[in-house]
Amino acid sequence: MNGFFYGAALQWRLDLRSRTMLIACYAVPLLFFAVMGGIFTSVLPESRDTLVQSMTTFAVSMGALIGLPPSLAEIYGRDIKNVYQANGVPLSMGLILTNVSAFVHLLLMSLLLYAAAPAAFNAKIPEHPAAHFCGTAILIAVSLSIASVIGLAVKDTASTTLFSILLFLPSIMLSGIMFPMDLLPGPFAAVGRLFPATWGYTLLTEGFSWSLLGPLAGIFLAAAGLCIILLRKIRMR
């Protein structure tokens with residue numbers, strides 16, 4: 001157990017040195033918050049009621065889908081995987097440690113947005129902070145599970161980034177944070193429901209219900225199953 005916590009802390013420090021992780025988890029979400037937060041509240045003053053939730057959804061999706069896959073591609077697509085195998089370390093350890101580290105980064109980013117939004121844009125604080133952060137933790141976990149599939153399935157970092165962007169853009173555009181879901185054409189709304197950002201944003205704004213937790217649990221379990229299959233294929237290479 002001590003070894004696990006040491007590895008998690010080490011991975012967290014390594015992520016702090018990673019340019020991709022810093023940009024995806026902190027720089028871009030903060031820039032988006034500064035620019036779009038001002039635009040949203042100026043054009044639609046009522047957006048202050050859901051600004052914390054929308055900015056959190058963007059930050060989590062950005063950090064998970066763009067930040068995590070390159071780290072996994074570096075571990076399982078290069079010599080690090082051979083080092084793991086040579087020293088008898090389970091290949092799943094790299095996946096677990098990077099996910100734990102990314103989870104901590106994204107939770108910290110969510111805390112920062114929660115504190116900054118009311119001060120910067122007079123945004124409304126969620127009525128139930130415990131439920132808000134519980135929902136945020138669920139969204140982070142599900143988003144990281146999808147990102148893990150990309151990182152394990154794609155071998156090189158360049159292709160990983162491309163696939164991440166292709167998944168991230170529709171995830172945000174169709175999630176409801178840019179414009180209401182009821183304004184989307186039926187097919188686009190249906191596609192949006194395939195992404196955790198859509199269900200996570202609704203969870204943060206409307207509260208907990210089985211109708212929202214069910215799809216998120218289904219996405220997480222499907223992604224976890226794919227990760228197990230991909231790890232087995234990596235082990236046989």
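Which residues in H6 meet which residues in H10? In this predicted model, local features need pLDDT of at least 70 and side-chain atom pairs count only at pLDDT 80 or more, while totals for chains, interfaces and linings use all residues. Residues are numbered from 1 along each chain as its sequence is written, and side-chain values use heavy atoms, with hydrogens and water left out.

On the H6 side, the residues are Ile 138, Ala 141, Val 142, Ser 145, Ile 146, Ser 148, Val 149, Leu 152 and Ala 153. They meet Leu 213, Leu 216, Ile 219, Phe 220, Ala 223, Leu 226, Cys 227, Leu 230, Leu 231 and Ile 234 in H10, where contact means heavy atoms within 4.5 Å. By class, this contact has 17 nonpolar, 2 polar and no charged residues (Ala, Val, Leu, Ile, Met, Phe, Trp, Tyr, Cys and Pro count as nonpolar, Asp, Glu, Lys and Arg as charged, and the others, Gly among them, as polar). Helices are DSSP runs of H or I with at least four residues, numbered from the N terminus.

The axes of H6 and H10 (residues 210–235) come within 9 Å and cross at roughly 30 degrees. The two helices are therefore roughly parallel, a label for angles under 35 degrees.

A cavity is a set of points on a 1 Å grid over the protein atoms alone where a 1.4 Å probe fits but cannot get out; a pocket is an open set with protein on both sides within 12 Å along at least five of seven lines, and lining residues have an atom within 4 Å of a point. The largest cavity has about 50 Å³ of space, volume being the space filled by probe spheres set on the points, which are joined across faces, edges and corners. Among the residues lining the largest cavity are Ser 61, Ser 143, Ile 146 and Phe 195. Its lining divides into 6 nonpolar, 3 polar and no charged residues.

The largest pocket has a volume of about 500 Å³. Of its 24 lining residues, Thr 50, Gly 176, Phe 179, Pro 180 and Tyr 201 are the closest to its centre. H9 gives the most to this lining, with 6 residues. The lining of the largest pocket includes 5 charged residues, beside 11 nonpolar and 8 polar.

The second largest pocket, at about 270 Å³, also draws most on H9, which supplies 4 residues of the lining.

Notes. Axes fitted to C-alpha atoms, helices over the stretch in contact; angles between N-to-C directions. Parallel < 35°, antiparallel > 145°, perpendicular 65-115°, else oblique.
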